Amino acid sequence: GAVSVGVGGAISYVNFLWLKRAVDYIVLNGGQGEVGRWVRLQYIGRYALIGLGLYVTIRFTLLDLALLLAGVFSYVLAVLLECFFEIGRSLFRVDQNGRT
């Protein structure tokens with residue numbers, strides 16, 4: 001089970017990293033430059049990586065599908081929790097005089 005969650009988490013990490021690179025490239029460089037082809041391949045490759053992981057899991061039953069998906073969604077959960085934490089922290093921010 002731990003291997004399934006770990007593989008799902010690794011797939012999710014690579015997916016997040018490649019998405020971040022694509023967004024940074026578009027926002028910071030305006031989508032211009034030679035790196036564009038590599039970023040496009042990474043952006044499309046994210047979905048291929050998830051699909052390949054799911055295919056291997058279903059076809060060869062090496063890993064538990066539910067636990068693999070739990071690992072894939074672990075980054076989504078982490079980002080949502082961080083968003084809620086930051087929103088809550090900003091709502092109850094204490095100023096320099098100690099007032100909330």
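Reader: Leaving aside its neighbours within four places in sequence, which residues is N15 in contact with?
Author: In this predicted model, N15 is in contact with R46 and I50, once neighbours within four places in sequence are set aside. Contact means heavy atoms within 4.5 Å.

Reader: And where does N15 lie?
Author: N15 lies in helix 1, which covers residues 2–29. Helices are DSSP runs of H or I with at least four residues, strands are runs of E with at least two, and both are numbered from the N terminus.

Reader: Is N15 buried or exposed?
Author: N15 counts as buried, because its relative accessibility is 16%. Buried means under 20% relative accessible area, exposed over 50%, and partly exposed in between, with a 1.4 Å probe and protein chains only.

Reader: Which residues are buried in helix 3?
Author: In helix 3, residues 65–72, the buried ones are L68, G71 and V72. Seen down the axis of helix 3, the buried residues fall within an arc of 105°, so they line one face of the helix. The arc is that of the directions from the helix axis to the C-beta atoms.

Reader: What should I know about the numbering and the cut-offs?
Author: Residues are numbered from 1 along each chain as its sequence is written. Local features need pLDDT of at least 70 and side-chain atom pairs count only at pLDDT 80 or more, while totals for chains, interfaces and linings use all residues, and side-chain values use heavy atoms, with hydrogens and water left out.
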